[in-house]
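My notes are below the structure.

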Amino acid sequence: MNPINLFSKSKEFKQQLELLRPRLYRLAFSWTQDPTLSDDLTQEALIKALKNSTQLRDPEKLASWSFGILHNCYRDYFRKLKHLENVDDHTLVDEQQPETDYEHYSITEAVRNAVNRLPENQRQIITLVDLEGCSYNEVSQILEIPTGTVMSRLCRARKALAQKLLRYSDKHEAVTIRRIK
């Protein structure tokens with residue numbers, strides 16, 4: 001059922017609104033870029049135009065009058081959504097942003113992958129010393145190997161890890177390796 005037929009008293013007014021509907025829809029769509037919302041706004045504007053047809057003083061200005069009604073419908077729609085704020089209007093002061101989170105995640109994954117590609121004996125030592133903060137003597141006791149072996153394996157593990165991460169840094173941004181003790 002056509003809503004124009006329900007409210008309109010004048011046949012000519014109905015015909016003019018019928019012809020105006022596509023233009024109202026195009027205008028609403030150009031404002032919203034949403035077909036469903038555009039259709040809703042067009043419907044609402046047509047209903048308001050029909051209900052308030054007596055307020056139109058100059059029939060020659062039906063298009064601009066209807067566009068004004070559409071504009072008011074558009075504004076009213078977004079007023080209802082006022083409780084939502086546009087984040088682009090705010091300056092982010094938190095240094096923790098998605099980009100930095102991703103960078104940290106990417107670097108962490110690169111280090112994990114590089115450590116996982118080390119031989120097992122080097123992987124054990126580097127994780128015990130650099131991640132867990134164990135002393136060389138503690139690692140020597142845990143793995144039941146001489147302290148000198150711990151030191152030499154740790155040195156080889158760090159060099160291998162640095163090489164693997166340098167290859168990663170060539171592909172990405174600079175990666176800094178720091179010792180955690």
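These entries cover aromatic pairs, a helix contact and one lysine.

**Entry 1: the model.** I am working from a predicted model. I keep that in mind for each value below.

**Entry 2: aromatic pairs.** I asked how many aromatic pairs there are. The count is four. I took Tyr25 and Phe29 to start. Their ring centres lie 6.2 Å apart, with the planes at 20°. Planes under 30 degrees apart count as stacked, so this pair is stacked. Both residues sit in helix H2, which spans residues 11–32. They are four residues apart there, so about one helical turn separates them. Tyr25 has 29% relative accessibility and counts as partly exposed. Phe29 is partly exposed too, with a relative accessible area of 29%.

**Entry 3: Trp31 and Tyr74.** I then looked at a pair formed by Trp31 and Tyr74. The centres are 5.2 Å apart. The planes stand at 50°, and the pair is tilted. Trp31 is partly exposed at 31% relative accessible area. Tyr74 is partly exposed at 22%.

**Entry 4: H3 against H4.** Next I checked how H4 packs with helix H3, residues 35–51. The axes are 9 Å apart, and the angle is about 125°. Is that perpendicular or oblique? H3 is oblique to H4, because roughly perpendicular covers 65 to 115 degrees and roughly antiparallel starts over 145. The crossing is right-handed. I listed the residues that make the contact. From H3 they include Leu37, Leu41, Ala45 and Lys48. From H4 they include Trp65, Ile69, Leu70 and Cys73. By type, the contact residues divide into 11 nonpolar, one polar and three charged.

**Entry 5: Lys164.** Last, I looked up a lysine in helix H8, residues 147–171: Lys164. Is Lys164 buried or exposed? Its relative accessible area is 18%. Buried means under 20%, so Lys164 is buried. I then asked what Lys164 touches beyond its neighbours within four places in sequence. Lys164 is in contact with Ala114, Arg117 and Leu118.

How values were computed:
Residues numbered from 1 in each chain as written. Predicted model: local features only at pLDDT ≥ 70, side-chain atom pairs only at ≥ 80, totals over all residues. Heavy atoms only, no water. Helix = DSSP H or I, 4+ residues; strand = E, 2+ residues; numbered from the N terminus. Buried < 20%, exposed > 50% of the residue type's maximum accessible area, 1.4 Å probe, protein only. Contact = heavy atoms within 4.5 Å. Phe/Tyr/Trp six-rings, centres within 6.5 Å; stacked < 30°, edge-to-face > 60°. Axes fitted to C-alpha atoms, helices over the stretch in contact; angles between N-to-C directions. Parallel < 35°, antiparallel > 145°, perpendicular 65-115°, else oblique. Left-handed = near helix turned anticlockwise from the far one by under 90°. Nonpolar A, V, L, I, M, F, W, Y, C, P; charged D, E, K, R; others polar.
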